[in-house]
Amino acid sequence: MKWNNDIIIGFACLLKIGLHLLADIHSGFQGDELLHIDAGNHLAFGFMEFPPLIGVFAYLQNLTGSTSVIVHHLFSHLASMAIFILAGKITLELGGKTKALLLVMTFLLAAPAFTRTHQLFQPVVFSQFFWLLGFILFVRFVKTLNKKYLLLLALTLAAGFLNKYDILFFVAGLISLLFFKRTRNGILGRETIIYPVLFILLISPNIIWQIINDFPVLHHMKELYKAQLNDQSATKGLLNLFIQLNPFAIGIYTAGFVYAVIFKKDEHNHIVSLSILISILLLAVSKGKHYYFFPALICLVILGSVWLEIKVFNKRNWLYCAQIILLVIGGAVMLPYGMTILKLDRFIKYAHIKNEENHYPLPFEEFYSQYQWRKVLSSVKRIYDDLHLEDKKNCVIWGKHYKQAGAVNLFSEEYNVPKAISYHGSYYQWAPNDGNLPGTLIAISNKGVPKEYWEYFFSTVEVTDTILNPYADESEDELTTIYICREPKTNYAGLKDIFRNRIFE
């Protein structure tokens with residue numbers, strides 16, 4: 001039976017990686033990925049928008065010198081397969097058998113939530129990995145009270161914190177250990193103080209970095225709540241989760257929730273399920289983005305699958321088969337919306353996207369970014385090549401948005417253009433601190449940034465090209481404007497001062 005279970009997990013991983021590699025062939029880079037890739041060239045104990053770990057992954061990928069989407073998705077793909085393995089092992093650890101395991105694997109393959117979040121080079125996929133790794137260690141500690149699992153848990157949670165701060169919601173859920181005498185006695189004592197101390201020591205370099213840099217994470221969260229989280233509707237958020245988790249999976253995670261709340265005969269599972277509910281409740285109170293809930297909901301689905309196998313599916317095999325089939329159908333229909341498994345023109349036909357005045361709005365920028373950046377970089381190269389030799393010597397490219405600077409820096413050697421600077425997000429840290437700006441500078445900005453923006457910094461600003469994007473769903477990406485700017489009115493130190501409180505605008 002164990003051999004059969006390993007085959008199920010292995011086959012799911014192969015299918016998973018096959019879909020991602022197919023999507024990579026048709027995909028470009030999402031804007032945040034370009035920032036994360038460039039972070040690998042500026043290793044530090046922290047960045048303005050995220051903790052340092054993804055910079056380490058980027059550094060390792062950057063050693064290849066490749067601009068390939070597949071290469072820069074390497075760690076994301078490894079993490080996504082590790083998530084499948086961990087989810088399978090957790091299912092078996094909680095008492096699930098083959099049916100529960102197959103149900104969990106099918107859910108992970110068929111839920112749109114785990115397509116794009118596992119595809120892109122972002123902290124999200126690694127966050128899910130560290131949640132599940134922490135969860136299986138938590139489960140094993142609850143079952144055995146072996147202190148080695150507390151040590152491994154401290155190491156895992158520290159790594160998770162250095163990847164994405166939402167791991168603190170998982171940490172908060174560990175309070176469930178105090179609600180039961182057996183586990184309370186297992187964690188209270190002098191010898192166990194070493195584990196939280198170890199956690200704090202491991203994350204302290206990032207905390208110190210935050211203090212030195214005036215806590216940019218708080219400024220970032222403030223802007224995020226102002227722009228997105230405060231105005232998000234709870235109803236809309238629940239509907240989004242319902243769709244992202246595959247509508248046909250509602251019975252599974254609902255069963256997990258009911259099991260967690262009502263059935264208390266198995267103390268081990270009740271402790272771990274209570275920790276999940278605490279994490280979910282705190283995420284809801286904090287108005288977290290819908291994808292913050294994904295790792296906790298994987299755990300809830302695992303619990304639901306185990307309980308349904310025991311109470312329902314072992315007696316009603318037809319119902320189990322129907323559940324699997326419905327998940328597969330729902331997942332197959334929604335898959336092209338979450339992963340670029342179809343070529344651009346085929347996806348437009350599949351999704352019935354209508355031509356709106358020569359505009360085909362697509363849901364995500366990686367669907368079209370490979371075409372868009374090719375146009376932008378080709379234009380920048382032409383403009384740069386047309387400059388006088390003297391202007392070329394010290395010419396700098398300034399990207400208004402970090403993804404513009406990131407695209408230029410990733411493809412600069414391929415297009416033989418200078419590296420870019422920016423004052424948006426983490427690029428503020430990487431911009432020069434002193435010295436004079438060059439006499440000639442190429443500026444790139446998106447829709448909504450007028451010429452007057454650049455005239456504040458330069459005496460002469462000339463529009464040299466405008467590039468329309470017929471696929472952009474967001475209005476700011478519909479138009480890219482490229483300028484030649486001359487006669488700067490300030491220097492690098494002056495720009496640092498001007499943008500000190502504007503890095504997230």
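Me: How many helices and strands does the protein have?
Reply: Helices (H or I, at least four residues) and strands (E, at least two) are DSSP runs, numbered from the N terminus. Here there are 25 helices and five strands. The model is predicted: local features need pLDDT of at least 70, side-chain atom pairs count only at pLDDT 80 or more, and totals for chains, interfaces and linings use all residues. Residues are numbered from 1 along each chain as its sequence is written, and side-chain values use heavy atoms, with hydrogens and water left out.

Me: What share of the residues is buried?
Reply: Buried means under 20% relative accessible area (1.4 Å probe, protein chains only). Buried residues are 55% of the 505.

Me: Which residues have the most contacts inside the largest nonpolar core?
Reply: A nonpolar core is a set of buried Ala, Val, Leu, Ile, Met, Phe, Trp, Tyr and Cys residues joined through side-chain atoms within 4.5 Å. The largest has 127 residues, and M105 and F135 have the most contacts inside it. Helix α17 (residues 294-313) gives the most to this core: 14 residues.

Me: Which residues does M105 touch?
Reply: Contact means heavy atoms within 4.5 Å. Leaving out residues up to four places away in sequence, M105 touches I8, I9, A12, F84, A87 and G88.

Technical notes: Buried < 20%, exposed > 50% of the residue type's maximum accessible area, 1.4 Å probe, protein only.
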